[in-house]
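I opened this model to look up a few places in the fold. My notes follow in the order I took them.

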Amino acid sequence: MFDKQTYVNRRARLRSLVNDGIIIIFGNNESPCNYPSNGYYPFRQDSSFLYYFGLNRDGLVGVIDIDNNSETVFGNDIDIEDIVWYGSVDSVHDLAAQVGVEHTAPMRALKNTCNEALRQKRRIHFLPPYRHDIKIQIFDLLGIHPVQQKEAASMELIKAVVSMRSVKEQQEIEELERAAEIGYLMHTTAMRLTRPGVTEKFVGGQVDGIAHSYGAMTSFPTIYSQHGEIMHGNPSMSVLQAGRLALCDAGAETINNYCSDNTRTMPVSGTFTQRQLEIYSIVEACHDHVLEVAKPGVKYFDVHLAVCRLMTERLKELGLMKGDTDEAVAAGAHAMFLPHGLGHMMGMDVHDMEGLGQTNVGFDEETRPNLEQFGTNALRMGRRLQKGFVVTDEPGIYFIPALIDEWKADGHCKEFINFDLLETYKDFGGIRIEDDILITEDGCRFIGEKRIPYHPKDVEAFMQNNQ
Ligand SMILES: [Mn+2]
């Protein structure tokens, strides 16, 4: 948690950005895994609740009454039974005081507050809910059916929250640097353990353990797979084979729930083959190109397209693509190799604020998403960069057998893709390199003091010296 004044200031700013009415920010509840009292662990608070109310306890709701300039934390104090099982904790009143909130009330009183606001026809602002228990709570409090709640969520509140959470404060950047340190340990652990004969699951589990040992948890389910071409390939029981590549996409959350998100791709044998190096060097060049062009005022959509063009140029040199580069990118031909976007916002959520609607976070009136074209429709962040934004830089090249077969059968983009040569890459897998960048005054920089090795020579040297 940051100091009290941080939360006082953030709520004051939020009040100034939303015209009138009351704002309800729902905290999360414990979530059952396989029976009611066996929850997913550790408890994860809602990030917007954390941002404005800072309290990492389940069962709390924060209410900001804009018209009457008052703030209340609703929640139930624990009883002696809870103390027996979980130990003593602060009262809701003491918790609220820690973040500068004067009023508290038991959860049942929230119904009266809502009834009163509804009776007076005041505006009630809430964010789109994503957990089912919160949807039921909103149904109970406001009478809005769960299927209508996304629509009923306050666009004014969403825009205010996005505008604030997008620009990271200095203390948030320091937290992200801490997350990057844990991320470094996770990825170098994966590099140390990657070798023929061990299972993906073993490496993945060790990587997760690092996140849990030094922070709160992983920032998303770890991807570690010899099948890098499967975007969300979670570790399986398959045994690592010499000659293949292992792709590791993993990140940590600090104790204060700030994230890291990096990807490295390494040769299981410790040495890249010539064919792997050819593809790897393209991804590396694309990754590094972002560092040169990302800066305040530039649209991330344009950075994405610049990377797609560079990738197409280089794939043409290898003979995998052909034709005019601009036409190929306009047609979306590059998506055969890069079917996802260049990156996303990152902060307390690894896909920061994604629950508020990707279009609301990554796009604006000026920059609209392209929802039609395969590949381009997966870009999560397109709008102009500002100082203080944190985004990921994660180009990749993948050889997806089913996608190759489908495009080939349809003749899709056949003027830009050499399907005969592509056929010989079906056993390749995929390569992604990902780092997190902070937009600075006049450019950008990596987050994290130590670079996880990514130049091929550095990856090989690290693996040879640390196994
Ligand atoms: Mn990412």
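Is T194 buried or exposed? T194 counts as buried, because it has 24 C-beta neighbours inside 10 Å. My cut-offs: a residue is buried if 20 or more other C-beta atoms lie within 10 Å of its own, exposed if 12 or fewer, and partly exposed in between, with C-beta atoms placed from the backbone.

Ground rules next. The model is predicted, so I take local features only at pLDDT of at least 70 and side-chain atom pairs only at pLDDT 80 or more, while totals for chains, interfaces and linings use all residues. I number residues from 1 along each chain as its sequence is written.

**Entry: around T194**

I found T194 in the loop between α9 (170-193) and α10 (200-214). Helices (H or I, at least four residues) and strands (E, at least two) are DSSP runs, numbered from the N terminus. I then listed the contacts of T194, leaving aside neighbours within four places in sequence: V203, L240, A246, M266, V268 and M463. Contact here means C-beta atoms, placed from the backbone, within 7 Å. I also checked T72, which is 122 residues from T194 along the chain. The C-alpha atoms of the two are separated by 51 Å.

**Entry: the sheet with β10**

What is the strand order in this open sheet? I read β9-β10-β12, three strands with antiparallel pairing. β9 (223-225) and β12 (262-267) are the edge strands; each has a single partner, so one side of each lacks a neighbour in the sheet. Neighbouring strands are turned by 10 degrees against each other on average, direction ignored. Axes are lines fitted to C-alpha atoms, for helices over the stretch in contact, and angles run from 0 to 180 degrees between N-to-C directions.

I counted bridges next; two strands pair if DSSP finds at least two bridges between them. β10 (residues 245-250) and β12 share six, antiparallel. A250 has N262 as its bridge partner in β12, and C248 has R264. β9 and β10 share three bridges, also in the antiparallel sense. I223 has D249 as its partner in β10.

How many residues of β10 are buried? Six of its six are. L245, L247 and D249 point one way, and A246, C248 and A250 the other. β12 is largely enclosed by the rest of the structure, because six of its six residues are buried. From β12, N262, R264 and M266 point one way and T263, T265 and P267 the other. I note the general rule: in a regular strand the side chains alternate between the two faces of the sheet.

**Entry: the sheet with β16**

I looked up another open sheet of three strands, in the order β13-β16-β17, with antiparallel pairing. β13 (390-393) and β17 (444-446) stand at its edges with a single partner strand each, so one side of each has no neighbour in the sheet. The twist averages 35 degrees from one strand to the next. β16 (residues 435-439) is joined to β17 by three bridges. I439 has C444 as its bridge partner in β17.

**Entry: helix α6**

Which residues of α6 (residues 132-142) are buried? I noted I134, I138 and L141. They lie on the same side of α6, because they cover an arc of only 70 degrees around the axis. That arc is taken from the directions from the helix axis to the C-beta atoms. The face turned away from the buried side carries the exposed residues H132, I136 and D140. Among the elements covering the buried residues are β1 (22-26), α5 (109-119), β7 (124-126) and α7 (149-152). Just after α6, G143 takes a positive phi of about 70 degrees.

**Entry: core and record**

Which residues touch the most other members of the largest nonpolar core? I found I24, M311 and I397, in a core of 124 residues. α9 gives the most to this core, with nine residues. Such a core is a set of buried Ala, Val, Leu, Ile, Met, Phe, Trp, Tyr and Cys residues joined through C-beta atoms within 7 Å. Not counting residues up to four places away in sequence, I24 touches V61, V63, I124, H125 and F126.

Last, the record. An unreviewed UniProt entry lists residues 2-135 as "domain: Aminopeptidase P N-terminal". The end C-alpha atoms of residues 2-135 lie 29 Å apart, and the span is 37% helix and 22% strand.

Terms used. Two residues are in contact if their C-beta atoms, placed from the backbone, lie within 7 Å. UniProt positions are given in the numbering used here, feature names are shortened, and annotations may be inferred rather than shown by experiment.
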